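Me: Can you walk me through this model? I'll ask as I go.

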Amino acid sequence: MVNTKTKKIPLTGDQAVATAMKQIDPDVVAAYPITPQTEIVMYFSNYVANGQVSTELIPVESEHSAMSACVGASAAGARTMTATSANGLALMWEIVYIAASLRLPIVMPVVNRALSGPINIHCDHSDTMGARDSGWIQIYCESGQEAYENTILAVRIAEHKDILLPVMVCQDGFITSHAVEGVQLFEDKKVKEFVGEYKAAHPLLDVDNPVTYGPLDLQDYYFEHKRQQSESMKGVLKILPELFAEFEKTFGIKYDFIDTYKLEDADIAIIALSSTAGTARSVVDELRAQGVKAGLLRPRVFRPFPNEKIIKALKNVKALAVLDRAESFSAEGGPLYTEIKAALYDSNIKPMATNYIYGLGGRDIFPDDIKKVYSDLGAILKNKKVANPINYLGSRE
Amino acid sequence: MAEKKKSWKEIPIGGLILEAGNANEYKTGGWRTFKPEKNDKKCINCLFCWMYCPDSSIKVEDGKMAGFDYDHCKGCGICASVCPVKCIDMKKE
């Protein structure tokens, strides 16, 4: 830790995010509680009630209203946050797209949970993966620590003048949201300095310079506005390194689009998002001790998709397995897999690739499951052939 | 209306309109099939047409009906319909 002097304190992932929100002290939070995000709203409500933040908390009657209130507040010029999970995100859907289209820099921690039905409250990524093309930036966190850090970083990403896109900060429901870990908090003052003051370019509350948000936009200009959104999303790939560098300078923590582990000389590799990477990392160590050249790649930023970074990191890998904690029902594998395959097509590497759908509805993933994947990759390497491109890891046959 | 449309680089983001009251610049007169014309001799300046016009296209000067704003009149014919002395005719353009 450079520049910061705090000790680690035991917090759940939800508490860590609520603490980040307290330190950010946004102007407006409009949120509706839903498991496993509830703790975030609960703790934050305490901070509001205790006067520890100056936030205007809007307790709405649904997530559709939560995101609608966020859109209104953000357009008014307020630094705005909310948080949700699964069906809550689904209920926001219409407004999730509007927030991105109106280019409102709303930050939304999402605690990943399986979408109904059948109804389930545990972790998978079907909620945010469904929203992957909504125009929001998506960051996936391995731990409560990372969720804390990314929530703070996300404010700067969203509000960057050349980005102005909303950000989802995703962490795994219950696995990290409710597990207690030692979280290293930054000093309040440092966070305040880092996020700075938000000055909206065209706030609705600036009555001397009236603007119109959300007018009808038909055949003549809608396309151009979508084009702006996609160019801005591409621009995030260029701008983020600056913000990563500033984050490192301020808090002493290095960030990148991806996180790799023993990948440089790996023959076989797993690609996975969020907390599963932690389990995979311990398996990599175990296999490395046995002389198996195993590696790991964890995309941290999923939208925009850091294509070039990933391809570069995979350059020596001969066989890879993509672990998807979401089924896209495309019959072509999970969302991360299809994304990785698309990235590989334009690259000059062609590792053998296979997909594992796993952990749906919170089904636990154990080191033995990960070992099986690496062992399958070993077989693929030996036979020079992918027997099953799409597999279901941990589902009973 | 034949002005060159702007590229994505030249317009405000998010569909924002940064100028207040610029709907006036959007000429809707071209939508018209029937054009209202007033018979000055019959007009009693009751201003029913002004009250009912959905596009604020009735011009009024010194409290009197002073003609039509043809840049914005869409030719709906409401003015002709409500006129108590039937002094407005709708003529095909």
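Me: In strand 7 of chain A, what is the bridge partner of I139(A)?
Reply: The partner of I139(A) there is V169(A). This is a predicted model, where local features need pLDDT of at least 70, side-chain atom pairs count only at pLDDT 80 or more, and totals for chains, interfaces and linings use all residues. Residues are numbered from 1 along each chain as its sequence is written, with chains lettered from A and ligands numbered from 1 in the order in which they are written.

Me: How many bridges join strand 6 to strand 7 of chain A?
Reply: Four, and strand 6 (residues 137-140) runs parallel to strand 7. Strands (E, at least two residues) and helices (H or I, at least four) are DSSP runs, numbered from the N terminus. Two strands pair if DSSP finds at least two bridges between them.

Me: And strand 5 of chain A, how many bridges there?
Reply: Strand 5 (residues 107-112) pairs with strand 7 over six bridges, in the parallel sense. N112(A) has D172(A) as its bridge partner in strand 7.

Me: Is strand 7 of chain A covered or open?
Reply: Mostly covered: six of its six residues, 167-172, are buried. Buried is 20 or more other C-beta atoms within 10 Å of the residue's own, exposed is 12 or fewer, and partly exposed is in between, with C-beta atoms placed from the backbone. V167(A), V169(A) and Q171(A) point one way, while M168(A), C170(A) and D172(A) point the other way.

Me: Which residues have the most contacts inside the largest nonpolar core?
Reply: A99(A), V167(A), V169(A), A269(A), I270(A) and I271(A), in a core of 118 residues. Such a core is a set of buried Ala, Val, Leu, Ile, Met, Phe, Trp, Tyr and Cys residues joined through C-beta atoms within 7 Å. Helix 6 (residues 144-159) of chain A gives the most to it, eight residues.

Me: Switching to chain B. What is its secondary structure?
Reply: Two helices and four strands, in the order β-α-β-β-α-β along the sequence. Its radius of gyration is 17 Å, well over the 12 Å from the globule rule for 93 residues, so chain B is more spread out than a compact globule. That radius is taken over C-alpha atoms, and the rule is 2.2 Å times the number of residues to the power 0.38.

Me: How much of chain B is buried?
Reply: Buried residues are 16% of its 93 residues.
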